[in-house]
Amino acid sequence: MARRPIDENVVLIFDTTLRDGEQSPGATLSSAEKLEIARQLARLGVDIIEAGFPAASPDDLAAVQRIAREVGTKDGPTIAGLARAVEKDILTCWEGVKDAYYPRIHTFLGTSDIHLKYQTGLTRAQALDVIRKAVTLARSLCDDVEFSPMDAGRTDPAFLVEVCALAVECGATTLNIPDTVGYVTPNEWYETIANLIAETPGAGPGSGIIWSMHCHNDLGLATANTLAGIRAGARQAEVTINGIGERAGNTSLEEVVMALQTRSPYYKLRTNINTRELVKTSRMVSNYTGIHVQPNKAIVGSNAFAHEAGIHQDGMLKNASTYEIMTPESVGWTQSRLVLGKHSGRHALKVRLEELGYNLDKDALNQVFSRFKVLADAKKNVTDADLQALMADEFHKPQEFYRLVDIQVTCGTMGMPTATAKIADPDGNEHIVAAVGVGPVDACYRAVDQVVKMPNTLTEYSVHSVTEGIDALGEVTVRISTPDGSRSFGGYGADSDIVVSSVKAYLAALNRMIAGVGTGQFKPEGEAATVELK
Ligand code: KIV
Ligand code: ZN
């Protein structure tokens, strides 16, 4: 079992998109989507992928195992799994990661007085005992063990030193210090981490122990706190693509990586990330999770390199360095050298898709090619972003219980938008239904509801164009929740007709809800309606 050598000048990037990121409300991913994201994270060059929480469910275990086997190769990243500090979780976690060339067990326990009192009911002495047993067990299985004192940001600093020293003594090789609730601020976090590193016996510079940052973004300070921790000596950053994660999210990978790169004269540190893969990875995660990236998001937002004010445009025309601290190309905002359009053939499409990281067999290529032709007829140039949206729409649907066959809408100024939909049910029966709504999308959703009887609340609907221009492909992401609000599900659809994208996105979310994402607990209520057309 292997561990990698340590380079003090490199900040290791530990990506937890598939674990903490997947804990974002409604972001549940299928196993196929997780595998594909893991492959893209490997292309991006992350050092460690936290592939999931194997003890959470048999599906999670299977997904982690598959990523460990297929992505955790000798040239690939370390594959980590998360485990509570309990024997069953640690053993299951090991089952998940053991086939990776570089496996890691990541175990954790809350150490703040708040977590001890209200969550685990342990005294400090009992917590130390639990940590001792958990880390010792993990290390008996795996040479690479990470320990996290959860809620470290609110843990008594002296107790934190005691906890970290014990974890090292029991065999932990990485000490991850989470600001679980996004409570700390950069200057104090710098001090906390610098003191912790200085005071923890056996874990100072040269000890072989990696200190790691795991910051949440409740005060919008996750990136700043992570960078402060790195300045204080941490050499691993736990991050997610687009900063997705619990509540306000985790530290965003692209922000930390580009801060270290753009300000390398200040930090004097490197990462192993291929930054040109950032935008592509961001899009993939956004498409599969249904979590839209805000336009003003640093690095990967659609406005991150847009210049609106006249004075800025003037400066840009004279020299881009006037208003840009990095080039859009350096983070992957490139246009293809190969412009695809309606005259492009199957081979050109295949080559471009391969460059974008999609390797398709003959049948899948034929399927995409016919969608591509329809799009190219409607749109002069088909861009990389269009192709990524098309791939997400075509191949990353959840299990399809209900499927859109046809939809037709009439709308205008008369106030009676009407939709007629043909929808196939899980047995392949086609139902034709019609409904009137307050707008064309509402009419369509009401029509769908007559067939798919899944009570839900639409909590989010957003539409945006993949590229500029009236002929652009429209992407729609929706989020629906169960009537009691306890669970939410996202859906994504892309088409050159935004009403069609909207219906696809809604059906995708409903299908996810029906799948209960592994739980099978949500069932359609009642018979699907249908209208006989004879
Ligand atoms: O935020 C947190 O504390 C975590 C731990 C499990 C590392 O996600
Ligand atoms: Zn977290």
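**Reading the zinc site and the fold**

The donors of the zinc ion (ligand 2) are spaced D-x193-H-x1-H along the chain.

Colleague: Before we go on, what sort of model is this?

Modeller: A predicted one, so treat every value here as computed from that model.

Colleague: Fine. Which residues coordinate the zinc ion (ligand 2)?

Modeller: To read a metal site, look for N, O and S atoms within 2.8 Å of the metal. Here the zinc ion (ligand 2) is held by an OD atom of Asp20 and by NE2 of both His214 and His216, at 2.0 to 2.1 Å. Water is not among the atoms, so the site may look incomplete.

Colleague: Where do Asp20 and His216 lie?

Modeller: Asp20 is in the loop between β1 (12-15) and α1 (31-44), while His216 is in the loop between β7 (210-215) and α8 (222-231), so this pair ties together parts 196 residues apart in sequence.

Colleague: Are Asp20 and His216 buried or exposed?

Modeller: The cut-off for buried is under 20% relative accessible area. Both Asp20 and His216 are buried. Across the chain, buried residues make up 54% of the 534.

Colleague: How many helices and strands are there?

Modeller: The chain has 17 helices and 14 strands. Its radius of gyration is 25 Å, close to the 24 Å from the globule rule for 534 residues, so the chain is as compact as a globular protein of that length.

Colleague: And what share of contacts links residues 24 or more positions apart?

Modeller: Counting contacts with a separation of 6 or more, 67% are between residues 24 or more positions apart.

Conventions. Residues are numbered from 1 along each chain as its sequence is written. Chains are lettered from A and ligands numbered from 1 in the order in which they are written. This is a predicted model: local features need pLDDT of at least 70, side-chain atom pairs count only at pLDDT 80 or more; totals for chains, interfaces and linings use all residues. Side-chain values use heavy atoms; hydrogens and water are left out. Donors are N, O and S atoms within 2.8 Å of the metal (3.2 Å for Na, K and Ca); water is not among the atoms, so sites may look incomplete. Helices (H or I, at least four residues) and strands (E, at least two) are DSSP runs, numbered from the N terminus. Buried means under 20% relative accessible area, exposed over 50%, partly exposed in between (1.4 Å probe, protein chains only). The radius of gyration is taken over C-alpha atoms; the globule rule is 2.2 Å times the number of residues to the power 0.38. Contact means heavy atoms within 4.5 Å.
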